[in-house]
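Here are a few notes from my pass through the model. Have a look at it alongside them.

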Amino acid sequence: MPVLDLTDAAAVDRYSTFVQSHPHRALTQDLRWGIVKDDWGQEAVYVEEDGEIVAAMTVLVRRLPGGFSVLYAPRGPLVDWDDRAMVLRVLAEADPLVRRYRAIMLRIDPEVRFDAGLDSWLRAQQGWVVKNVGAGKDDLVQPRYTMVVHLRGEDGQPLDEEALLKKYDGGARNRVRSGKKKGLYSVSGESDEDLRTFHEIYSYMARRNEITARELPYFHRLREAFGPRMRVQHVRHEEDTLASSVTVDYYGKLYYLYAGSNDVKRNLGPNQVMNHDLMVWGLENGAESYDMGGVFALDSSDGLYVFKRAFCKADGVTELIGEVDIVHNRAMYAVLARLLPRVQRGRRAVAAGVSQARKRLRDRRG
């Protein structure tokens, strides 16, 4: 059966083993991601040759009014992208899902570097809408530029800490060293209290920057899904907690997912120390990469991009191929294409309005 039977434990284990060991493996292609995204349905398809899985795709299902749906394979499919025939085969395995859920489209956004030849091939496929060069944040679900620090040398061996520091630009390197000298230190924990501490700091940061924040139950689900592979880390100075983050070690790929800092002793550089110490943790566990997350544009006026770029001086920006919508219902897709950017802009406006209202309330009370 090309569609995975999620009630068959042996089949699920075999599928999961393939996903976790694939060169393009990604946290969001793991079946456990469905625990985190509990407001979506989940399915999985695969291609098998000689009794072995050779390509796979985990698919989230979003139900829409009118009995329609959209299918989304975040960072999928997992396939050899040089084998174009195999790409088409694994995508074709999702056809039963398209019919079952009356899918308007299947969206894919593989963790594969941009390549002009691949881009041309994608654009040549009938009914496929490719979004990469020139696409903005209203056009994409995930940023196309990712900031990844490679934790192994050319010989494949883990770097030592000094070699890691040399990858940063001078400013980040100095902030890490000076922060350590001034007494910043990192601690990790797995308790509910650790998650609450993280969430308070993360939510404070979101209000300060006028962006939306995940609710605490989301992070409990993340912990349920990935257990000891999820690390909650805090940076402290004396008795003060200055910054906190959630990172998942996905079988050698570290994903720095969520983080925040408050306004206490920000001049000490807690965010620089936090990222460095997480990478050192990765080195100690033989990890191959540290993904700091993406940016929608390489904009030097964007403080978040500048912060991440400082750690990626040696490795540069990883430009991904982008998103591809494989359209199955053109009329409904046209409606979605008009509505979704408006929804995304509306959400950002609401988040900014709530943050500003909270600030005004605090000012009145103060």
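1. Which residues does Ile35 touch, not counting those up to four places away in sequence? Ile35 touches Arg221, Glu224 and Ala225, where contact means heavy atoms within 4.5 Å. Ile35 itself is found in helix 2 (residues 33-36); helices here are DSSP runs of H or I with at least four residues, strands are runs of E with at least two, and both are numbered from the N terminus.

2. Before going on, a word on the source: this is a predicted model, with local features needing pLDDT of at least 70 and side-chain atom pairs counting only at pLDDT 80 or more, while totals for chains, interfaces and linings use all residues. Residues are numbered from 1 along each chain as its sequence is written, and side-chain values use heavy atoms, leaving out hydrogens and water.

3. Back to Ile35: it counts as partly exposed because its relative accessibility is 31% (buried is under 20% relative accessible area, exposed over 50%, partly exposed in between, with a 1.4 Å probe and protein chains only). Ile35 and Phe226 are 191 residues apart in sequence, yet their C-alpha atoms are 9.6 Å apart in space.

4. Now try Ile211, in the loop between helix 8 (192-209) and helix 9 (216-226). With 42% relative accessibility, Ile211 is partly exposed. From Ile211 to Glu238 it is 27 residues in sequence and 30 Å in space, C-alpha to C-alpha.

5. Asp82 sits in the loop between strand 3 (69-73) and helix 3 (84-92), and it counts as exposed because its relative accessibility is 69%. The loop between strand 3 and helix 3 also holds Pro77, and the peptide bond joining Gly76 and Pro77 is cis, with omega about 0°.

6. Most residues other than glycine have a negative phi, and most peptide bonds are trans. Tyr251 is not a glycine but has a positive phi of about 55°; its place is the loop between strand 9 (240-250) and strand 10 (253-261). Tyr251 is partly exposed, at 27% relative accessible area.

7. The other one is Lys265, again not a glycine, with a positive phi of about 55°. You'll find Lys265 in the loop between strand 10 and helix 10 (270-284). Is Lys265 buried or partly exposed? At 24% relative accessibility, Lys265 counts as partly exposed.
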